[in-house]
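Work through the exercises below with the sequence and the coordinates at hand. Each task is followed by a solution in steps.

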Amino acid sequence: MLLTGSETMLNAISLKQVSGSDPELRQALVEAHLPTDDIEDEGRIFYKAVAGDGSSVGYCGIERCGDCRLLRSVVVDPERRGRGFGRAIVEATLRESNGYSDTYLATTTAAPFFSIIGFSEVPRESVPPAVLATRQLSSICPSSATIMKLQRPPT
Ligand SMILES: CC(C)(COP(=O)(O)OP(=O)(O)OC[C@H]1O[C@@H](n2cnc3c(N)ncnc32)[C@H](O)[C@@H]1OP(=O)(O)O)[C@@H](O)C(=O)NCCC(=O)NCCS
């Protein structure tokens with residue numbers, strides 16, 4: 001791996017796939033007030049982000065919806081926020097789970113964070129039915145949630 005600067009080294013993470021029944025995943029989501037009702041359903045993949053020292057930094061998930069994917073369950077350990085790990089986890093997850101036509105997410109609190117990464121808000125009417133039908137959008141997230149779409153290929 002080529003590391004070009006101190007920031008790259010500080011934010012270096014690797015992803016390890018974990019099951020939706022992983023108790024530490026559930027605990028991290030509960031503590032961040034993110035939905036857990038559907039994490040053990042089929043069609044979801046969750047990753048744990050591990051720092052260079054082996055410690056767990058956070059989690060991120062992908063939910064398949066037809067040709068598209070829903071990015072979900074993005075959480076960074078509260079003590080390690082604001083250091084670029086959130087962005088690193090999302091970028092790594094998007095690279096790891098490629099092959100989808102479009103990437104969507106729903107958020108009630110973190111739209112500015114996802115804007116920086118390359119997502120922008122889209123009207124609910126423009127969202128494919130398979131994405132709207134996910135439990136995240138249809139029942140768990142309030143209808144006031146911001147729906148965002150990735151506007152560039154993952155880097
Ligand atoms: C949202 C979250 C994942 C961000 O993780 P993080 O490690 O703090 O984010 P980063 O340090 O990678 O931030 C990347 C950029 O986004 C910005 N940013 C991060 N959180 C932000 C927020 N809530 N509002 C505005 N900007 C934010 C940072 O300033 C940084 O900007 P820069 O690149 O210009 O310096 C983290 O705060 C978290 O776990 N929150 C609780 C769970 C949650 O809300 N998840 C999202 C819903 S799925």
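**Exercise 1.** Determine whether R135 is buried, partly exposed or exposed, and find its salt-bridge partner.

*Solution.* The relative accessible area of R135 is 32%, so R135 is partly exposed (buried means under 20%, exposed over 50%, partly exposed in between, with a 1.4 Å probe and protein chains only). This is a predicted model, in which local features need pLDDT of at least 70 and side-chain atom pairs count only at pLDDT 80 or more, while totals for chains, interfaces and linings use all residues. Residues are numbered from 1 along each chain as its sequence is written, and side-chain values use heavy atoms, leaving out hydrogens and water.

Next, R135 forms a salt bridge with D41, with 3.1 Å between the closest N and O atoms (a side-chain nitrogen of Lys or Arg within 4 Å of a carboxyl oxygen of Asp or Glu). R135 belongs to helix 6 (residues 135-140), whereas D41 lies in the loop between helix 2 and strand 2, 94 residues apart (helices, H or I of at least four residues, and strands, E of at least two, are DSSP runs numbered from the N terminus). D41 is likewise partly exposed, at 32% relative accessibility.

**Exercise 2.** Locate the salt bridge between D102 and K149, and state which residues form a network through shared partners.

*Solution.* The side chains of D102 and K149 meet at 4.0 Å, N to O. D102 sits in the loop between helix 3 (85-96) and strand 5 (103-107), and K149 in strand 7 (residues 146-150), 47 residues apart. Salt bridges with shared partners join D38, D41, R44, E63, R72 and R135 into one network.
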